[in-house]
Amino acid sequence: MLPAAATQEEIAAALAALPGWTRSGSVIAKTFTFADFNQAWGFMCRVALLAEKRDHHPEWRNVWNKVEISLTTHDAGGLSALDFDLARAIEQVAR
């Protein structure tokens, strides 16, 4: 079963609870900044384990102490509950 696309109301409510995450079309994104590369890489490793467990993987980019993460659900043709669930989990890892 394919994930259902989120409604505009669901997207607005979910983003309101995710400080720093922004929406651009069918993608939500956030840049995380760490003290150094080692902390950024450790964060990415922990997020990778969460993503694999959920079978929902981010698009991301790392440059030294910054990690840029974008989430979308290609199978739903946009944003879905999978994106917001993973974003909340990523926030927990970042703390």
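**View 1. Alanine 29 stands opposite serine 70 of strand S4.** In this predicted model, strand S4 comprises residues 66-71 and runs antiparallel to S2, to which 6 bridges join it. Alanine 29 belongs to the uncovered face of strand S2.

**View 2. Strands S1 and S2 form a hairpin.** Two strands meet here in the antiparallel sense: S1, residues 22-24, pairs with S2 over 3 bridges. The strands are separated by 2 residues, and glycine 25 in the turn has a positive phi of about 65°.

**View 3. Histidine 56 occupies the loop between helix H2 (37-54) and strand S3 (59-63).** Histidine 56 has a relative accessibility of 7% and therefore counts as buried, the cut-off being under 20%. Beyond its neighbours within four places in sequence, histidine 56 is in contact with Ala51, Thr72, Thr73, Leu82, Asp83 and Leu86.

**View 4. The side chains of histidine 56 and aspartate 83 are joined by a polar contact.** The distance of this polar contact is 2.7 Å. Aspartate 83 is also one of the residues listed among the contacts of histidine 56, together with Leu82 and Leu86.

Conventions: Residues are numbered from 1 along each chain as its sequence is written. This is a predicted model: local features need pLDDT of at least 70, side-chain atom pairs count only at pLDDT 80 or more; totals for chains, interfaces and linings use all residues. Side-chain values use heavy atoms; hydrogens and water are left out. Helices (H or I, at least four residues) and strands (E, at least two) are DSSP runs, numbered from the N terminus. Buried means under 20% relative accessible area, exposed over 50%, partly exposed in between (1.4 Å probe, protein chains only). A polar contact is a pair of N or O atoms within 3.5 Å; within protein, one must be able to donate a hydrogen and the other to accept it, and residues adjacent in sequence count only if both atoms are side-chain atoms. Contact means heavy atoms within 4.5 Å. Two strands pair if DSSP finds at least two bridges between them.
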